[in-house]
Amino acid sequence: MKKIIIPLLITLLLIISCRSGKSITGSERIIWDSQTPLEEVVAQMTLSEKIGQMTQAERSDIYISDISKYALGSILSGGGSVPSNNTQNGWTKMIGDFTEESLNTRAGIPVIYGIDAVHGHNNVLNAVITPHNIALGAIAAGDMEKGVQAAYNAAQITAQEMKATGIFWTFAPVLGIAEDVRWGRTYECYSEDVNIVTALGTSTVKGLQEGGVAACIKHYIGEGQTVNGRNQGNAVLDRNNIERLLIPYRAAIDAGAMSLMASFSSVNNIKMHEHKELLTDILKGELGFQGMILSDWAAIEQLSGRTYKAQIANAINAGIDMVMATNGREKWTGFIRNLHQLVEEGTVPMSRIDDAVIRILRFKQSAGILNMRSLRNLHGSSETHNALTEQTDTIGSNKNRQTARSIVSDSLVLLRNENNVVANLSSYKNILVTGQGADNIGMQCGGWTITWQGNLGPITKGTTILEGIREAVNGRANVSYNAQGKARGNFDAVIAVIGENPYAETQGDRSNDINIRHADADMLKDAYSYGCPVIVIMLSGRPMTIGDEYKNWDAFIAAWLPGTEGGGIADVLFGNRNFTGRTPYTWRKTINGDVLYPLGFGLTGK
């Protein structure tokens, strides 16, 4: 009789706990393995455990014991959020501790760590920073096949260096189609051309996931169509436009993407995070998306509803599965507390909770982290920890740097070349290099590099444009450098590097123009005074408004945001390689003004 009664009591306790929202305390564990249907696993979980899986907290907002106490489903690093020891060992130790703690829960479901590795493993010191997506789009605009391969190679670098730190999930790629370059996230998009976005987005998903890292396609949907290019603004879209914007998402889902991040922005004045028609009816229904939908950073707090609790209800009922509850410990604990109440009240049905958790577990399964034994072996002993960290050459390896450098070379777009001046560079004996961007790793990399907004200066290991030029001429010419353009002597040519200071997201939005910086304008005046050809290299996350200034330039090269391997620029300038990139965006003299260089324009230069 005891053999029958005890299992019945345990089952009864499980049912009561699910209804009350309280976790069972004690040593009993849910027994399951890789062959157990996920529905069976979810059926044995308490409401507390289910809501825990739906919660994503920022690493700095938790104690490690919170992971097991609340059965947290995910932890993330915000931009620039790093362990105190920002090295490969520092990351693997932190991720290993988090994972081990999650395996001690009753269900033993591993926590998954997410990070914005959007152009290389860009939070980690001395990782290889690949060009931002706009540069990959420039390669595809010139040669689609080459662009697809470049996107795949860049994703493989990212995946390899992420795995070396024990992280298996990146919030990338962006599938937005930027249509107003005033938008501060233009450089995160591949192009204004839906075909380029679709091809490169799909290739990036494949490169990441075939490299062992799960992709998170973002930001669904309409972020590149907001009025006046305002970040987190409103896009006015009819069904035809929505169908056009869905194209890259359909392709990425078909390529195996199992997680998706909703956009901060609104579509027809409804915030995407509470847009049930687009999240559930179209994405999960018409597109058949079986993965999970993740919210963006504290985006729930922007929704309609007078209280945080009402905002949570709106988001979950609309189709959000996992909530990035950030900006303090109270936000994620408040999310858990409020969602409990919403389920108990019947405002959020249990069926919606179960659907969200199954989707989360399905995603974790696709990411390869549900095998508890292998994860415990990976992180739980000193032997396997050492085996992971022995791969020291995978962070910033020479092989990865050479691959990234080649991508940089292919992404350059020659927009102007009067009297074929570029072909003559190798014959010049006295060259002046000028401009703040010429010797500046941070400016090359742009935002989302080491910190969220990025920064100027030697922020991480790499090769500057100046270093690449000196390496390329190899003593055959005298190369002088002055950031302000003030130098003595006679020069055969001036190479002036101008552009934008680093920025990310809303901080990069511009109102009416994207003009040349005052410091660059002053430097160019001095550059013109030497009476020799002036070759301008622009580091920017979008086409800048240059008016008629370009007429003073003998050559004009768009180098975008090339990342750490700036030497790839010199490989084209002083080597035998042609310029093969083409502009992935329409380039205008002024915002909404005359077209200077149409989409797909570029010269060969040799």
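Me: Is Arg244 buried, partly exposed or exposed, and what is its relative accessible area?
Reply: Happy to start there, bearing in mind that this is a predicted model. Buried would need a value under 20% and exposed one over 50%. Arg244 falls in between, so it counts as partly exposed, with a relative accessible area of 26%.

Me: Which residue does the side chain of Arg244 meet in a salt bridge?
Reply: Arg244 belongs to helix α9, and its partner lies in the loop between α7 and α8, 65 residues apart from it. The N to O distance is 2.9 Å, and the residue is Glu179.

Me: Where in the chain is Glu301, the salt-bridge partner of Lys331?
Reply: The side chains of Lys331 and Glu301 meet at 3.2 Å, N to O. Both count as partly exposed, Lys331 at 25% relative accessibility and Glu301 at 31%. Lys331 sits in helix α12, while Glu301, 30 residues apart from it, is in the loop between β9 and α11.

Me: At what angle do helices α11 and α12 pack?
Reply: Two packed helices are described by the angle between their axes and the distance between the axes. Here the axes of α11 and α12 are 9 Å apart. The two helices are roughly perpendicular to each other, because that word covers 65 to 115 degrees and their angle is about 70°.

Me: How many nonpolar, polar and charged residues make up the contact of α11 with α12?
Reply: From α11, the contact includes Tyr308, Ile312 and Ile316. Across from them, α12 brings residues including Lys331, Phe335, Leu339 and Glu345. The contact divides into seven nonpolar, three polar and three charged.

Me: Why are Arg359 and Asp355 separated by about one helical turn?
Reply: These two form a salt bridge, with their closest N and O atoms 3.2 Å apart. Arg359 is buried, at 7% relative accessible area, whereas Asp355 counts as partly exposed at 28%. Their separation is about one helical turn because both lie in helix α13 and they are four residues apart.

Me: Which residues are joined with Arg359 and Asp355 into one network?
Reply: Side chains of opposite charge can pair when their charged atoms come close. Salt bridges that share partners join Arg359 and Asp355 into one network with Lys284, Asp321 and Arg352.

Me: And how many salt bridges does the count come to?
Reply: A pair counts when a side-chain nitrogen of Lys or Arg is within 4 Å of a carboxyl oxygen of Asp or Glu. The Arg244 and Glu179 pair, at 2.9 Å, is one of these salt bridges. By this rule, the count comes to 31.

Terms used:
Residues numbered from 1 in each chain as written. Predicted model: local features only at pLDDT ≥ 70, side-chain atom pairs only at ≥ 80, totals over all residues. Heavy atoms only, no water. Axes fitted to C-alpha atoms, helices over the stretch in contact; angles between N-to-C directions. Parallel < 35°, antiparallel > 145°, perpendicular 65-115°, else oblique. Contact = heavy atoms within 4.5 Å. Nonpolar A, V, L, I, M, F, W, Y, C, P; charged D, E, K, R; others polar. Buried < 20%, exposed > 50% of the residue type's maximum accessible area, 1.4 Å probe, protein only.
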